Structure formats: structure tokens, C-alpha cells
Amino acid sequence: MGYRKEFMNDFLYKKNRLYCGKVDIESIARAVGTPFYLYSAHTLKRHLSAYQNAFSSVPHLIAYAMKANANIALLRLLGKEGGGADILSGGELNRALRAEIDPAKIVFAGVGKTREEMREALRAGILLFNVESKQELIVLNEVAKSLRVKAPVAMRVNPEVNPKTHPYLSTGLKKSKFVIEHAQALSHYQLAARLANIDVLGIHSHIGSQLTDVKPFVEAVRKVSGLIQSLRAEGITIRYWDIGGGLGIEYNGELPPMPLELAKNLLPILKESGCTVILEPGRSIVGNAGILVTRVLYTKETEAKKFVVVDAGMNDLIRPSLYGAYHKIVPVVKKRRQNQIVDVVGPICESGDFLAQDRAMPQAAPEELLAVMSAGAYSFSMSSNYNARPRPPEILVHEESYSVIRERESVNDLIRGEKIPSYLQ
Ligand code: LLP
């Protein structure tokens with residue numbers, strides 16, 4: 001399992017104290033307060049290069065799915081290492097450009113791109129629009145015409161395979177709102193080929209997220225390969241093959257395939273196509289490169305349950321409440337004590353505000369620090385200000401030091417832009 005080591009995270013105990021690489025996590029908490037998100041630069045680089053090495057035998061682009069975590073320092077780091085970006089909005093485009101990601105390495109997905117977003121992306125000169133409907137194609141053609149350019153396009157097709165993941169995380173099923181049905185793909189491509197300001201260059205599919213088995217990937221890629229051949233027979237050239245993202249990570253004992261294993265299974269099919277291969281990994285790049293550090297406020301016991309009340313809530317990390325997702329929770333400083341079955345809950349006024357339910361963990365005490373693991377992906381990026389809670393800072397550890405890559409929000413940040421109308425003054 002030597003290769004799996006490449007994917008191990010950097011959060012390890014030394015003498016019962018949790019470190020991020022060489023930095024003691026308790027010392028960061030003392031300096032920045034809690035809660036905070038903490039990322040490892042080393043792990044991020046290692047994860048990106050695991051993909052780059054695995055697919056090195058074909059022309060490829062690793063377009064990091066920035067919806068997983070769009071902090072511009074992380075983007076800058078990944079961009080400097082040769083990564084591109086998979087974006088979903090004008091906001092993400094702005095972040096990617098601010099981080100100096102090469103526009104020629106940006107792909108733009110999503111069912112609801114607005115004209116304004118299309119204009120911004122065309123002006124920036126992105127690599128591909130992954131188009132998801134006929135109407136979108138027609139609008140994109142109009143927008144490109146108004147700018148006197150051609151829009152580079154890949155059609156997002158639906159391979160109709162079941163990725164066997166959480167229903168909210170499946171995107172390639174027959175009923176999915178994403179994508180163009182396999183059977184309709186050819187007619188979409190024919191339309192695209194007729195539109196003067198559309199440059200048909202590629203094909204795109206993405207079947208879901210947190211996939212722990214390589215088989216659905218292989219099945220999807222096989223199906224798309226068949227489609228590429230039919231398109232070529234019609235005189236439509238496909239130069240870019242975007243196979244999407246979706247590789248899972250270990251949250252709690254899962255054994256998802258590593259990029260190398262994925263590559264081994266897919267490369268024979270991908271190579272034959274002669275295409276430049278694009279991948280859009282998000283979670284597997286950043287998920288286990290980050291944690292959320294929170295402090296215990298109180299412990300309490302009712303007849304039915306024991307609770308550990310912490311200072312991070314569902315506004316900071318919504319995955320447990322929204323998907324029933326499991327995140328390991330461990331003490332930052334290990335001590336000898338008994339295990340207890342507890343709910344770890346936040347301060348928010350919702351009974352769905354929990355980070356863990358019925359979890360066996362060492363008895364926690366007020367003031368103690370806990371680390372919520374595997375919280376680099378879809379964690380800060382899905383956080384909110386519910387209950388007027390400022391969002392936590394983000395910290396990046398690089399070698400022996402750490403930097404604040406996003407400050408803690410202040411209560412004044414939360415009211416920026418709000419106005420009291422004159423008749424109420
Ligand atoms: N490409 C497309 C078109 C996508 O829709 C997604 C994720 C990705 C790439 C990246 O997938 P990844 O490699 O991260 O699995 N909020 C959920 C995950 C939603 C995923 C949405 N699309 C969660 O917290 O688990």
C-alpha cells in the first residue's frame with residue numbers, strides 16, 4: 001500500500017499532541033482563537049501531484065473543482081503547482097483569476113450560467129464551457145457573437161451510470177438535472193457545429209462525488225468513448241475529454257481508489273482517444289488536507305443523552321446535518337480517559353445543529369480543543385452566517401510556520417451592505 005501513503009494526511013500526533021506537519025495545533029489555537037479551519041500546504045501539493053503523476057502518460061489538465069474550497073491562497077498554491085480550475089460561477093472565475101490561475105486552464109460547468117457570467121469567462125479566455133442544454137448553447141453563441149469571439153465548448157453528457165453514493169451527490173443518473181441525455185447528445189453536437197460562434201472542442205461527464213469504487217468511472221468513460229467515436233464518424237472532432245471529478249476520500253475507514261488506480265483503469269480507454277484528458281477533482285485534493293478546530297464550551301447530560309457543546313456549529317460545517325456525513329472528531333491533546341457516547345453539538349438554535357451523533361469518543365472537558373477531521377472540502381465553502389455568526393478564519397501551514405489566509409469575520413463584516421430605509425430612521 002506504499003502509494004496510499006501519498007494520500008495520508010499531515011495531521012498526526014506527536015507525544016499525544018496533534019500536529020499539522022511540524023506545527024503544534026494548540027499553539028495556533030492560542031494565537032488565533034477558535035473555531036478555525038486549518039490546511040496543510042504539503043498535503044495539497046502531494047494530492048495534486050499524485051494526479052499529475054498518475055496521468056502523466058497522456059496530455060492532461062487537473063482542473064481543481066474549486067467549489068470544494070475556493071480560498072485564493074489555496075488556489076494560488078495549486079495554480080503554481082500546475083493545476084487549473086473547474087469553476088461554477090462568475091464569483092469562482094473572479095477568485096481563480098485573482099489567484100492567477102491560467103485562464104487557459106479554466107473550465108466552466110453548471111446548468112445555470114448567466115449571460116454576464118458567459119461574457120466574463122469569454123473575456124478572460126477560458127479553455128472550455130461545459131454546456132448542459134440546447135438553450136444554454138444558443139445563448140452562449142449569441143453572447144460570443146456580441147463579443148466577436150468563438151466560445152470553446154464541451155457538451156456535458158450523461159453516461160447514465162449509478163455512482164453508488166449519497167443521492168444528493170449523484171449527478172449522472174437518468175433523472176439528473178445536470179447534463180444532456182446520452183440519446184440527445186448527437187443532436188446537440190450537430191446544433192453546436194452549425195452555430196457560427198461556437199467552437200466544439202470537447203466532451204464532459206461527471207457522475208457524482210465521494211465515489212469509493214473505480215467501476216462506475218470505468219463504465220462512464222467506456223460509454224463516453226463510444227459517443228466520441230459516433231461523433232467522429234459524423235465529422236465532429238473531440239480534442240478535450242473532461243472526465244469530471246468525484247474520487248472519494250477516507251472519512252471513516254472507506255478505501256477509495258487512489259488516482260494511480262483510477263489512471264490504471266482508465267488510461268487504456270483514454271489513450272486510444274488521442275484527447276487531452278481533463279480531470280476535475282475537488283474533495284480528493286483538499287478534503288483530507290484540512291480540519292476544523294473547535295473548543296468545547298460545555299458538557300451536559302439529559303436522561304437520554306450526553307452532549308458536548310462546542311463553539312463550531314452547522315453554519316461552520318453543515319455536512320453532518322445536511323448529508324448525515326461522518327467526520328472523525330479527535331482531541332487535540334490526548335489524555336487518558338474513558339470513552340463516552342455523545343452528541344457533539346454547536347451553539348445554533350436548531351436541533352439539526354450537530355457535528356456528530358451517538359459518537360463514542362474520549363470524555364471531553366470544557367475548554368478542551370477538538371479537531372473535526374477531513375474538513376478541507378465542502379466545509380468552509382458551504383459555511384454561512386446563520387444566527388449572525390462570523391465565519392471562522394482559515395489557516396495554512398507551510399513547513400514550520402502558518403499563515404492566516406482568511407481572517408475571522410467580524411460582526412461588522414456581517415452587516416456590510418445592509419441599510420435602514422429613510423422612513424425607519
Ligand atoms: N465536476 C463537477 C461538474 C461537479 O459537479 C463536481 C462536484 C466536481 C467536479 C468535484 O467533485 P469532487 O471531486 O469534489 O467529488 N457538497 C457535497 C459535494 C457536492 C459535489 C458537487 N459537485 C459534499 O459536501 O459532499
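A backbone N or O atom of Arg 283 lies 2.8 Å from an oxygen atom of the ligand, a polar contact in the sense of a pair of N or O atoms within 3.5 Å. The protein covers 92% of the 590 Å² of accessible area that the ligand has on its own; such areas come from the Shrake-Rupley method with a 1.4 Å probe. The model is predicted: local features need pLDDT of at least 70 and side-chain atom pairs pLDDT 80 or more, while totals for chains, interfaces and linings use all residues. Residues are numbered from 1 along each chain as its sequence is written, and side-chain values use heavy atoms, leaving out hydrogens and water.

| Residue | Protein atom | Distance to a ligand oxygen atom |
|---|---|---|
| Ser 209 | side-chain N or O | 2.4 Å |
| Gly 246 | backbone N or O | 2.8 Å |

The shell around the ligand has 19 residues, of which Ser 209, Glu 280, Arg 319, Tyr 323 and Tyr 378 come nearest; a residue is near if one of its heavy atoms lies within 4 Å. By class, this shell has 6 nonpolar, 7 polar and 6 charged residues, with Tyr counted as nonpolar, Arg and Glu as charged, and Gly as polar. The ligand lies between domain 1 (2-39 + 287-414) and domain 2 (109-281), because both give residues to its shell. The domain bounds come from an automatic or database assignment.

An open antiparallel sheet has three strands in the order E1-E2-E3. Strands E1 (11-14) and E3 (23-24) are its edges, each pairing on one side only. Strand E2 (residues 17-20) pairs with E3 over 2 bridges, and Tyr 19 has Asp 24 in E3 as its bridge partner. Strands are DSSP runs (E, at least two residues) numbered from the N terminus, and two of them pair if DSSP finds at least two bridges between them.

How values were computed: Polar contact = N/O pair within 3.5 Å; in protein donor to acceptor, adjacent residues only side chain to side chain. Helix = DSSP H or I, 4+ residues; strand = E, 2+ residues; numbered from the N terminus.
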